[in-house]
Amino acid sequence: MTLYQNLANRLRDHIQHGFYKPGDKLPSVRQLAQEHGVSISTVQEAYRQLEQEALVEAKPKSGYFVCIRKQDNLPSISRPPQRPLEVSQWEEVLNMLMIRSGNKGVQLQHAMPDMTALTLKPLLKTLADLTKQKPELGLGYADIRGMEELRIQLSRLTVASGCQLHPDDVVVTSGCQEALSVCLRAVTEPGDIIAIESPSFYGSMQSIKAANLKAMEIPTHPQTGLSLEALELALDQWPIKAIFVTPTCNNPMGYTMPEDKKEQLYRLAQSYDIAIIEDDIYGDISYQFPRPKTIKSFDLDGRVLLCSSFSKTVAPGMRVGWIAPGRYRDKVTHIKYVSSSMCPVLPQLAIAKFIRSGGYTKHIRQMRHDYEKQRDHLLKAIKTHLPSDTRVSFPDGSFILWVELNPTIDSMALVEQCRLEGVGFAPGPLFSATGKYRNCFRLNFSEQSMEKREWAMKTLASVLLRFTERKVGERHPV
């Protein structure tokens with residue numbers, strides 16, 4: 001047995017016996033080399049072997065860490081109704097949206113990025129300079145497709161996801177919500193059926209509702225995403241007009257669909273000659289490197305409408321989103337014009353400069369690192385404080401977690417109790433057309449400090465205990 005294998009075996013034993021716990025930082029390469037009297041290359045080879053076994057991971061400029069493994073307590077595979085349904089839940093969504101993050105307590109319900117990051121300072125300075133030096137740019141009309149400077153940068157940015165786009169292939173929108181809404185109207189007529197992941201982002205669901213469409217919810221695996229087998233059965237049975245997916249860093253489940261499965265999904269859409277609306281809003285903050293490919297990267301005939309924005313990577317208040325609509329470009333441009341005309345100019349120019357100067361890349365690199373660390377902390381807090389039968393997602397990127405409680409718990413009732421204690425979360429029924437997932441909820445881990453997240457989980461556990469005891473008392477009165 002070689003020296004590096006001996007060292008790898010010793011480290012593996014320490015990890016498996018709990019000497020090093022998931023998320024712990026491991027000794028540095030130099031430290032191990034000195035302790036064991038071996039060369040640095042021997043230590044590097046030992047770590048490389050453990051990386052291949054998914055026991056450790058290297059983090060840039062930080063060292064080696066024990067992997068937090070995807071446990072057996074992942075959320076269940078979803079089992080939505082096997083028929084198209086009209087979307088409801090608008091009043092519940094509106095009530096949640098009315099609760100602002102400025103409220104007292106720890107509000108974990110909104111999917112908001114960290115807007116206090118120092119890496120955003122160059123963007124804020126550019127925006128301030130434009131407002132001060134060239135305010136007239138923000139007063140007039142501009143290109144309906146969006147500022148050319150921004151579209152050039154977007155076409156360059158999408159190369160990382162496997163796409164080859166010309167600036168004229170891109171239409172700028174007021175955020176991703178408008179992009180999704182425009183795309184739905186471009187590929188459907190009222191009454192049509194849309195296939196969508198289940199659970200799915202409530203904004204997507206409400207876009208389907210607003211377009212007078214029906215949602216065909218497709219079963220979804222918490223690690224690999226949409227079930228292609230179930231989708232094909234649905235396509236055979238129902239006249240589905242388009243497929244609506246968030247395959248990379250999904251909201252709310254956090255998974256990233258494997259690359260080969262993305263290509264299979266595209267081929268399936270091709271064989272049934274229908275469109276795919278791909279929401280890639282979280283793609284740039286995937287923890288994987290290089291960042292995962294989009295379904296759009298496999299698109300040979302323009303049937304994929306790729307949507308994204310800077311609302312989750314930079315700040316939602318910028319209201320800068322975009323579409324690469326493929327063969328639907330003319331229709332998308334027309335619908336965009338009649339719905340909101342052009343987008344504000346100054347935020348587009350500020351974002352364009354932020355990308356061009358390298359500020360966006362630097363910011364994204366920092367956010368990936370921060371969010372992954374915050375994910376690991378929240379997972380530990382959930383495991384420590386919430387009931388042992390709690391199931392939780394393991395996101396590959398972004399800053400949201402999906403939590404599944406015991407089936408007897410009603411998250412709609414639980415959220416009301418938690419709000420009184422100063423803790424907010426997004427209850428599961430909002431993420432379904434028909435109010436399923438009543439024992440589930442979504443948490444955001446981007447905005448709050450470790451101390452506040454820890455307090456929030458302790459408070460949630462306390463409320464949950466009282467909530468459960470009350471329900472037991474109601475079933476078994478003295």
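Colleague: Which residues make the nonpolar surface patch?
Modeller: Trp90, Leu94 and Met98 make the patch, which covers about 310 Å². Keep in mind that this is a predicted model.

Colleague: Where is tryptophan 90 found?
Modeller: Tryptophan 90 is in helix 4.

Colleague: What about glycine 105, where does that lie?
Modeller: Glycine 105 lies in the loop that runs between helix 4 (90-97) and strand 4 (106-107). Glycine 105 counts as partly exposed, with a relative accessibility of 40%.

Colleague: What separates the C-alpha atoms of glycine 105 and proline 347?
Modeller: The separation is 31 Å, and along the chain the two residues are 242 residues apart.

Colleague: Changing topic. In what order do the 4 strands of the open sheet come?
Modeller: The order is 14-15-18-17, with antiparallel pairing.

Colleague: Which strands stand at the edges?
Modeller: Strand 14 (391-392) and strand 17 (426-427) do. Each has a single partner strand, so one side of each has no neighbour in the sheet.

Colleague: What packs on that sheet?
Modeller: Helix 13, residues 359-385, packs on the sheet and touches strand 14, strand 15 and strand 18. The direction of helix 13 makes about 20 degrees with that of strand 15.

Colleague: How many bridges join strand 15 to strand 18?
Modeller: There are 5 bridges, linking residues 400-404 of strand 15 with residues 440-444 of strand 18.

Colleague: Which residue is the bridge partner of valine 403?
Modeller: Phenylalanine 441, in strand 18.

Conventions
Residues numbered from 1 in each chain as written. Predicted model: local features only at pLDDT ≥ 70, side-chain atom pairs only at ≥ 80, totals over all residues. Heavy atoms only, no water. Pairing = 2+ DSSP bridges. Helix = DSSP H or I, 4+ residues; strand = E, 2+ residues; numbered from the N terminus. Contact = heavy atoms within 4.5 Å. Axes fitted to C-alpha atoms, helices over the stretch in contact; angles between N-to-C directions. Buried < 20%, exposed > 50% of the residue type's maximum accessible area, 1.4 Å probe, protein only. Patch = residues over 30% accessible without salt bridge, like charges linked within 9 Å, V, L, I, M, F, W, Y side chains within 5 Å. Areas by Shrake-Rupley, 256 points an atom, 1.4 Å probe, with all protein chains shown as cover. Salt bridge = Lys/Arg side-chain N within 4 Å of Asp/Glu carboxyl O.
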